[in-house]
Amino acid sequence: LVSSPKYTSGSRRMALMSQRPAQDFSTRVNEASEAGEKFVELFYDTVDKRRQQLTGFYYEGSLVVWNGNPYSGVQDISVFYQSLPNSQHTIECFDCQPVLDSQGTTTVMVNCEGVVSFDVQPGNQHNEESFSQNFILVKQGDVWKVSSDCFRFLDALT
């Protein structure tokens, strides 16, 4: 009986997958870490100082969900980000992980947490908010682009 990966048992499939070179996965982890670290630094600097240049991070198929509000495509995302008040992000921690699809293509998941300050509006004493933002980056040629961007303000549990 010849076993096909499509029809093998779960344990047999795991054994077949574990035969892939560990070095290949290690390379993907290193690539994801490097891409994610550069992305975080450049993205938040651009949001805070050169917001009009954010369009270079996205492509027409990109999706943003910002506190539950969806935006799609470069133009829609650009208009949204331009509508936000000036900001200053402080990233407290982030993590990057490779995500492999069935064809072996690597995408990168980037998870960030930090604090953002927006311009103080009249009557608003509290302008600093904790947030979480998650990205899925895809490689297009030699450039990583944002496929998915999900931002959420964090409320403290009491």
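This is a predicted model: local features need pLDDT of at least 70, side-chain atom pairs count only at pLDDT 80 or more; totals for chains, interfaces and linings use all residues.
Is Asp45 buried, partly exposed or exposed, and what is its relative accessibility? Asp45 counts as partly exposed, at 26% relative accessibility.

**Overall architecture**

The protein chain holds 3 helices and 6 strands. Read from the N terminus, these elements follow the order α-α-β-β-α-β-β-β-β. Of the 158 residues in the protein chain, 32% are buried. The protein chain exposes about 10,100 Å², and carbon and sulfur atoms supply 52% of that area. Among contacts with a separation of 6 or more, 50% are between residues 24 or more positions apart.

**Salt bridges**

Side chains of opposite charge can pair when their charged atoms come close.

| Pair | N to O distance | Relative accessibility |
|---|---|---|
| Glu31 and Lys139 | 3.0 Å | Glu31 30%, Lys139 40% |
| Glu34 and Lys38 | 3.2 Å | Glu34 48%, Lys38 54% |

Salt bridges that share partners join Asp45, Lys49 and Arg50 into one network.

The salt bridge between Glu31 and Lys139 has an N to O distance of 3.0 Å. Glu31 lies in helix H2 (residues 22-49) and Lys139 in strand S5 (residues 128-140), so this pair ties together parts that are 108 residues apart in sequence. Glu31 is partly exposed, and Lys139 is also partly exposed.

Glu34 is partly exposed, with a relative accessible area of 48%, whereas Lys38 is exposed, at 54%. The two residues fall into separate classes because exposed means a relative accessible area over 50%.

**Surroundings of Val65**

Val65 belongs to strand S1, which covers residues 58-66. Its relative accessible area is 31%, and Val65 is partly exposed. Neighbours within four places in sequence aside, Val65 is in contact with Pro70, Asp149, Cys150 and Phe151. Val65 and Phe151 are 86 residues apart in sequence, yet their C-alpha atoms are 6.3 Å apart in space.

Conventions: Residues are numbered from 1 along each chain as its sequence is written. Side-chain values use heavy atoms; hydrogens and water are left out. Helices (H or I, at least four residues) and strands (E, at least two) are DSSP runs, numbered from the N terminus. Buried means under 20% relative accessible area, exposed over 50%, partly exposed in between (1.4 Å probe, protein chains only). Contact means heavy atoms within 4.5 Å. Accessible areas come from the Shrake-Rupley method with a 1.4 Å probe; for residues, only the protein chains shown count as cover. A salt bridge is a side-chain nitrogen of Lys or Arg within 4 Å of a carboxyl oxygen of Asp or Glu.
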